[in-house]
Number of protein chains: 2
Amino acid sequence: MNFLEERIVKDGVVKEGNILKVDSFLNHQMDINLFDQMGEEFKRRFADKPINKIVTIEASGIGIACIVARHFGVPVVFAKKTQSVNIDGEVYVAEVESFTHKCKNQVIVSKKFLGPDDHVLVIDDFLANGCALQGLISIVAQAGGTVEGIGIAVEKGFQQGGRIIRNLGYQLESLAIVEGMDAETGEVHFREQ
Amino acid sequence: MNFLEERIVKDGVVKEGNILKVDSFLNHQMDINLFDQMGEEFKRRFADKPINKIVTIEASGIGIACIVARHFGVPVVFAKKTQSVNIDGEVYVAEVESFTHKCKNQVIVSKKFLGPDDHVLVIDDFLANGCALQGLISIVAQAGGTVEGIGIAVEKGFQQGGRIIRNLGYQLESLAIVEGMDAETGEVHFREQ
């Protein structure tokens with residue numbers, strides 16, 4: 001087990017309905033030392049890529065993205081969720097369905113901050129069905145930029161998001177891939193990487 | 001002028017209606033090196049405080065809070081905006097009015113992540129009327145914790161938020177306090193600190 005898998009076993013909480021709560025260290029309270037380790041590991045895995053920007057989505061992706069960005073020496077752009085297209089500026093738009101909140105959101109990025117010269121590492125905390133990720137990839141494509149890679153903290157390997165993204169040919173690196181969990185015993189099973 | 005004031009003069013954009021756009025480096029695209037300088041400066045200004053946690057509010061406070069947290073060696077907890085109280089867990093709640101988005105939000109923090117032993121540095125990107133900040137202070141108070149200080153990137157000194165918070169006796173440190181701006185010339189005037 002790597003450092004993140006160990007932390008999930010130690011502090012993650014499994015709930016009924018394949019819910020894995022990691023809010024004590026990942027997406028409500030945030031362990032910055034852990035994020036630093038994640039940044040180091042992503043830097044190792046994407047060492048050969050000419051990354052000049054990190055793109056993430058609000059809210060819980062932002063903290064990880066910022067700490068990871070220190071390891072790459074690049075700025076972060078975060079996509080904003082909005083109920084209606086911001087008509088006040090020129091923006092790229094993608095539609096993202098949220099299963100947690102049971103709603104559709106538009107996510108936007110200002111055209112000022114993404115363009116054809118951008119070689120992007122996409123960062124997010126969770127990957128399940130992949131809707132948020134597809135929205136971010138779409139936005140980078142609209143800008144004419146290149147997705148050099150995708151770094152995820154926790155992937156739910158039993159949902160389809162990761163498979164679709166890998167089938168599309170992207171280098172998707174998830175630090176922990178959960179294959180299954182048991183709410184009764186609290187056990188979490190990870191994919192061997 | 002300090003490093004943040006210089007950056008605002010260089011890359012900030014003044015718009016009609018006392019709007020200062022700093023989205024190219026602070027709250028849409030994020031300059032991580034700048035955030036690192038801010039972390040260093042906050043560490044200097046709050047050097048004597050026994051800070052063991054940083055509290056911020058989603059979304060644009062999170063990036064700054066995480067980079068600042070590295071300088072203090074503490075975790076970050078971010079308050080989540082929600083339209084309705086999350087009944088699925090025990091949370092502290094505060095009501096926050098947003099003038100930008102013209103709506104009232106409830107912000108919540110899980111009771112698991114704030115308590116009487118917490119000595120909190122509150123971090124946010126902007127301070128204007130102070131509603132968000134009052135909500136965060138209320139949440140720390142509900143938890144029985146102590147607000148050791150408040151660190152803000154950009155304060156609009158001509159709005160009342162900063163004065164109210166200082167009158168209440170808090171150590172509020174804003175790295176740039178904007179006293180006025182001129183949309184025609186693009187000039188920004190800062191308070192001498």
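**Entry 1: a salt bridge between the chains**

I began with a pair of side chains: Asp36(B) and Arg70(A) form a salt bridge, with 3.3 Å from N to O. I noted at once that the model is a predicted one. I then looked up the count of salt bridges between chain B and chain A, which is four.

**Entry 2: the interface**

I next asked how many residues each chain gives to the contact. Chain A supplies 31 residues, and chain B supplies 31 residues. The area buried between the two chains is about 2600 Å². Carbon and sulfur atoms give 62% of that area.

**Entry 3: H3 of chain A against H3 of chain B**

Helix H3 of chain A, residues 60-72, and H3(B) have axes that come within 8 Å and cross at roughly 50°. H3(A) and H3(B) are therefore oblique to each other. Their crossing is right-handed. By class, this contact of H3(A) with H3(B) has six nonpolar, two polar and two charged residues. From H3(A) I listed Ile62(A), Gly63(A), Cys66(A), Ile67(A) and Arg70(A); they meet Ile62(B), Gly63(B), Cys66(B), Ile67(B) and Arg70(B) in H3(B).

**Entry 4: H2 against H3 within chain B**

I then examined helix H2 (residues 32-45) and helix H3 (residues 60-72) of chain B, which pack at an angle of about 50° with their axes 8 Å apart. That angle makes H2(B) oblique to H3(B). The crossing of H2(B) and H3(B) is right-handed. By class, the contact has eight nonpolar, three polar and four charged residues. Among the residues of H2(B) in this contact I found Phe35(B), Asp36(B) and Phe42(B), and among those of H3(B) Ile64(B), Val68(B) and Phe72(B).

**Entry 5: the backbone**

Which residues does a cis peptide bond join in chain A? I found Glu58(A) and Ala59(A), with omega about 0°. Ala59(A) lies in the loop between strand E4 (53-57) and H3 of chain A. In chain B, a cis peptide bond joins Glu58(B) and Ala59(B), and omega is about -5°. Ala59(B) is in the loop between strand E4 (53-57) and H3 of chain B.

I recorded one further backbone feature. Asn18(A), a residue other than glycine, has a positive phi near 55°. Asn18(A) is located in the loop between strand E1 (13-15) and strand E2 (19-21) of chain A. I noted these entries because most residues other than glycine have a negative phi, and most peptide bonds are trans.

Technical notes: Residues numbered from 1 in each chain as written. Chains lettered and ligands numbered in written order. Predicted model: local features only at pLDDT ≥ 70, side-chain atom pairs only at ≥ 80, totals over all residues. Heavy atoms only, no water. Axes fitted to C-alpha atoms, helices over the stretch in contact; angles between N-to-C directions. Helix = DSSP H or I, 4+ residues; strand = E, 2+ residues; numbered from the N terminus. Parallel < 35°, antiparallel > 145°, perpendicular 65-115°, else oblique. Left-handed = near helix turned anticlockwise from the far one by under 90°. Contact = heavy atoms within 4.5 Å. Nonpolar A, V, L, I, M, F, W, Y, C, P; charged D, E, K, R; others polar. Buried area = accessible area lost by both parts, 1.4 Å probe.
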